[in-house]
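This report looks at how two chains meet. Please keep the structure open while reading.

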Number of protein chains: 2
Amino acid sequence: MSAQKASAQLNAMQSRIRDLLARADKPLSAYDVIDGLRDHGRVAPPTVYRALQKLIDEGLAHRLETRNAYVVCRDGGHVCGHRHRAGFMICRTCGRTLEFGDEEIERLLGGAAARSGFVAERVAIEIQGLCATCASLPDANGA
Amino acid sequence: MSAQKASAQLNAMQSRIRDLLARADKPLSAYDVIDGLRDHGRVAPPTVYRALQKLIDEGLAHRLETRNAYVVCRDGGHVCGHRHRAGFMICRTCGRTLEFGDEEIERLLGGAAARSGFVAERVAIEIQGLCATCASLPDANGA
DNA sequence: TTGACGGATGTTATAATATATCGGTAGCCT
DNA sequence: AGGCTACCGATATATTATAACATCCGTCAA
């Protein structure tokens with residue numbers, strides 16, 4: 001399948017971590033990943049961090065800066081492998097994270113940067129709040 | 001003076017840290033702050049983290065999520081004390097950080113969130129790249 | 001006055017996140 | 001084969017952050 005093409009470049013560790021992130025419905029910290037791989041024997045932090053970096057470089061995963069956590073890249077719910085900028089909406093209650101890309105936001109941010117002569121290389125947009133489901137539950141708000 | 005009103009609520013530790021951040025021309029990590037206060041005797045991490053949180057709550061400082069670092073809030077180059085959302089442009093070479101607020105970006109982000117029923121509470125926008133000065137130096141780019 | 005309470009601050013210890021550095025292994029060129 | 005390089009993994013340690021508990025200080029009722 002063509003969807004598997006990008007993963008052909010991944011080694012066993014990288015594939016396992018990508019699968020683990022894909023199965024999770026929430027962002028995983030690097031140490032969550034280490035725990036999730038414990039049935040393959042002990043894995044040391046640098047191994048995981050390097051694999052995560054590889055996945056990020058390949059556009060297969062993203063790092064959430066506000067959470068120190070990692071998610072598989074999903075574009076409209078599908079795992080995707082092309083490098084792109086993205087924003088995230090992260091629910092503070094259930095942790096589920098929605099990825100979005102907004103051309104217009106990108107354009108405006110580029111404009112804001114250009115006005116001061118700043119050369120943008122990496123853009124992080126992360127919105128914390130309540131997802132639609134958690135917002136409808138009474139105890140997520142005040143209580 | 002009205003500009004001093006907000007700082008009237010700060011205790012000695014909080015004021016010292018705010019001044020330290022204001023004097024720095026780059027974001028400081030919490031441990032940079034601890035080092036910067038060493039002439040006042042040893043200060044423990046929780047003391048600094050609590051003071052930083054207070055400054056953030058008062059709108060006098062911001063946390064840079066992509067750097068694990070803190071800056072005094074500047075609005076157009078002036079220290080300001082009103083609570084507001086802000087974006088940052090962080091130079092990867094010199095570390096200097098420009099704060100910007102863009103109403104339109106805020107509005108678009110709100111729209112992106114609302115489309116999926118997400119209730120936005122906190123928005124982090126951080127652009128990494130090269131500031132105008134560093135971009136003009138040849139060795140900042142490729143070499 | 002005084003002592004019970006509560007909030008802010010300080011201290012000790014430790015948790016959570018991340019990386020420097022070194023050694024091994026496999027491809028690859030000559 | 002020998003040696004070079006690039007990747008890979010392990011040990012150790014650095015960096016960032018917080019939990020848990022102690023202390024101080026102001027308030028207020030008796």
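## Strand pairing across the chains

In this predicted model, strand 7 of chain A and strand 7 (residues 119-130) of chain B pair in the antiparallel sense over 11 bridges; strands are DSSP runs of E of at least two residues, helices are runs of H or I of at least four, both numbered from the N terminus, and two strands pair if DSSP finds at least two bridges between them. Within this pairing, A:Val123 stands opposite B:Ile127.

Local features need pLDDT of at least 70 and side-chain atom pairs count only at pLDDT 80 or more, whereas totals for chains, interfaces and linings use all residues. Residues are numbered from 1 along each chain as its sequence is written, chains are lettered from A and ligands numbered from 1 in the order in which they are written, and side-chain values use heavy atoms, with hydrogens and water left out.

## Extent of the contact

Chain A gives 34 residues to the contact and chain B gives 34 residues, contact meaning heavy atoms within 4.5 Å. The area buried between the two chains is about 2900 Å², with 64% coming from carbon and sulfur atoms; buried area is the accessible area (1.4 Å probe) that two parts lose on being put together, summed over both. A:Leu108, A:Phe118 and A:Ile127 supply 20% of the area that chain A buries against chain B, more than any other three residues.

## Salt bridges

Between chain A and chain B there are 2 salt bridges, each defined by a side-chain nitrogen of Lys or Arg within 4 Å of a carboxyl oxygen of Asp or Glu. B:Glu121 forms a salt bridge with A:Arg92, their closest N and O atoms being 2.8 Å apart.
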